[in-house]
Amino acid sequence: MNRPTPKPVVGGGAKKVLYALKTATRIGLDNTAKALTAKNACKACALGMGGQKGGMTNEAGEFPSVCNKSIQAQSTDIQPGIPPEVIDHSLSDLRELDGHELEHLGRLAFPIYKAAGSDRYVPVDWDFALDLAAQRFAATKPERSFFYSSGRSSNEAGFVLQLLARLYGTNNVNNCSYYCHQATGVGLDNTIGTGTATVEMEDLDRCDFILVIGANPSSNHPRFIHKLKGVRDRGGEVVVINPAKEPGLVRFALPKSVKSMVSGGDWIASDYLQPRIGSDLAVVKGLIKAVLENGAQDDDFITDHTEGFAALRADIAATAWAEIEARTGLTQADIERVAGIYSRAKSAVIAWGMGITHHLNGVDNVEYIANLCLVRGQIGRPGAGLLPLRGHSNVQGIGTIGVKPVLAAEVMARMEETLGVALPREKGLDTMRGVEAAHRGEIDTALIMGGNLYEANPNSAFAEAAFARIGFKLFLTTTLNRGHVHGHDNSEALILPVTARDEEWQPTTQESMFNFVRLSDGGICRLKSVRPETEILCELARRLLPDSPVDFEAFKQHRTIREAIARIVPGLEDLADIDIAKREFHIRGRILHAPEFKTKSGRAHFIVRDLPPVKGGLLLTTVRSEGQFNSIIYERTDSYRGMDRLDVMMNAEDMAGLGLRDGDAVVVESEHGLMNGARVRVFDLARGSVMAYYPEANVLTGTAVDPRSRTPSFKATPVQVRKNA
């Protein structure tokens with residue numbers, strides 16, 4: 001049977017250069033240059049660009065270090081303000097706009113308010129807005145409130161947010177990590193005693209092997225591709241494990257390399273495995289099995305620095321190759337070949353993304369990635385270790401400074417002693433529990449700082465109903481998104497415009513995925529009526545908590561906030577004078593180049609977990625396109641995959657078995673919902689796999705979570721695909 005000839009798998013290249021030029025021209029070359037060269041951390045991913053070394057310089061000092069994501073992120077900040085006549089349209093009018101159109105209406109330039117029962121927002125002044133917000137929270141029992149921050153906010157704003165919430169009386173404080181890398185934090189804490197990366201950026205220039213599993217950095221972390229190419233240039237190996245043969249992970253035309261552009265791209269992956277969706281744990285057990293059967297484990301490291309190895313060896317021995325092959329769709333020879341490459345590596349880094357964490361056993365997956373690293377002793381020394389690929393530019397920092405429902409006992413005690421306060425001890429709601437409580441009508445007020453929590457949720461119908469039952473919602477944002485127009489028909493909503501990072505009135509700090517704290521100068525003025533998040537939060541606190549022992553007026557000074565953080569959060573002592581010293585730093589106490597693990601015994605733990613139940617039929621994974629960042633849609637087409645946002649990708653043989661042809665209109669259905677208006681497209685995917693874009697496909701995903709990390713399963717939803725009659 002004839003199959004469609006697949007398109008060449010190449011990412012990057014001239015199309016990205018032309019897109020960047022087009023975007024820069026639209027927003028003005030002067031504006032673009034000013035935004036990209038200012039000393040501010042990149043607003044997009046957490047890879048580590050910008051700060052005091054310069055906007056287009058990474059934390060390792062490499063220049064130019066800029067990518068399409070950087071330009072996309074800056075393009076929306078530089079937009080003019082939304083005209084008032086646009087805001088005057090009804091919610092039903094605004095709901096006709098998709099995420100791309102809402103994002104590109106312009107910057108929100110003034111506070112807007114929608115009364116309960118009203119069908120539209122109206123402009124209001126700042127005093128009215130802040131007084132109203134304080135009144136609504138004052139009238140709410142703290143346990144019936146919810147506070148949330150995205151990972152783009154600064155450390156300073158995040159610290160004030162969580163402090164405000166706790167002094168108000170609730171630990172219902174959350175950030176977006178519960179919907180992305182919370183499983184990483186739990187899994188690494190269980191194995192090595194800390195939930196963050198064990199490498200710094202320079203280690204990517206020292207290693208001779210990188211394994212990328214469950215991630216697509218060519219679209220989501222483009223600057224990481226330069227590091228992968230560097231490994232290949234040094235004669236090292238890059239192995240990718242992903243159900244999809246992703247453009248850019250096989251071959252990538254690096255825009256800053258003339259040779260790469262002219263030659264049609266550089267080879268990135270030296271080997272590529274495509275397992276079935278949801279079989280990650282079996283894949284990693286297979287890799288460990290091959291390492292052990294070849295005697296390639298590091299016995300000295302295991303003896304000196306770990307515990308629990310005998311149980312792991314028994315678990316691996318009891319896992320038959322036949323079961324591994326049946327679950328993964330890979331052959332024993334495939335897995336042994338990759339394990340052999342890993343075993344020969346002198347210095348190896350293992351990197352992963354949400355293809356690992358977005359499962360009901362996401363923590364198990366992370367624990368076994370740590371097992372794979374430990375069994376070869378590839379941790380606690382230069383050039384080797386574990387690298388979770390974080391998304392939002394400060395999502396790690398937001399967690400570090402306490403925007404989470406449970407604080408470490410030491411941090412809680414230090415906060416009380418330093419600030420002279422008493423904080424609530426009741427366990428706070430994680431993100432999904434907060435949304436579930438809202439769905440039950442148990443949340444009356446919510447403060448949502450940045451992000452798009454509505455579209456970040458699985459099960460779109462459930463999310464809209466949950467939002468609709470929150471009586472008063474306060475949003476802090478730079479632009480409008482679908483979360484501002486859905487779920488508000490009978491409730492109040494107040495939206496306050498905030499400064500972008502490079503517009504902050506005072507310097508702010510952010511933490512990269514390499515545990516490196518960067519200082520952003522801010523200072524650019526584009527819109528006169530927007531305010532910093534810290535200014536808004538402190539004004540709200542002053543109105544809501546007039547008798548608080550904390551002087552929130554003083555906390556309007558970021559230096560005061562940083563001095564408090566330095567006294568409260570272990571490892572951030574150097575934050576106190578960062579604005580004076582201009583000295584960016586790695587956080588103290590994190591595992592980097594010595595095998596000193598943060599467990600009670602000081603040893604790393606091998607963890608044993610069972611394989612999960614097998615799911616039959618077609619499994620859906622949701623993915624992001626090259627032209628988006630998280631839920632923000634910059635382009636409606638995916639220039640790397642050659643897809644539109646309602647395209648559903650499948651293996652050609654699976655399509656033929658269902659009587660489908662490339663381009664057919666289809667309906668995709670799960671037990672949670674129905675996706676209409678889609679068309680099916682041939683893509684190089686493992687058998688049994690379906691791939692569709694987030695957040696459009698969230699209508700199909702459910703609210704079940706990994707019991708240990710509370711992370712929803714966006715990546716393994718049973719679905720049916722049928723031709724649209």
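Five of the five residues of β18 (residues 516-520) are buried, so the strand is largely enclosed by the rest of the structure. The model is a predicted one, where local features need pLDDT of at least 70, side-chain atom pairs count only at pLDDT 80 or more, and totals for chains, interfaces and linings use all residues. Residues are numbered from 1 along each chain as its sequence is written, and side-chain values use heavy atoms, leaving out hydrogens and water.

Strands are DSSP runs (E, at least two residues), numbered from the N terminus, and two of them pair if DSSP finds at least two bridges between them. On that basis β18 runs antiparallel to β17 (residues 508-511), joined to β17 by four bridges. Gln 510 sits opposite Arg 518 of β18. The β17-β18 hairpin has four residues between its strands, and there Asn 515 takes a positive phi near 65 degrees. β18 also pairs with β19 (residues 585-586), again in the antiparallel sense, over two bridges, with Phe 516 opposite His 586.

Elsewhere, six strands make a closed barrel with mixed pairing, in the order β21-β29-β26-β28-β27-β30. Twist from one strand to the next averages 45 degrees, using axes fitted as lines to C-alpha atoms and angles from 0 to 180 degrees between N-to-C directions.

Notes
Buried < 20%, exposed > 50% of the residue type's maximum accessible area, 1.4 Å probe, protein only.
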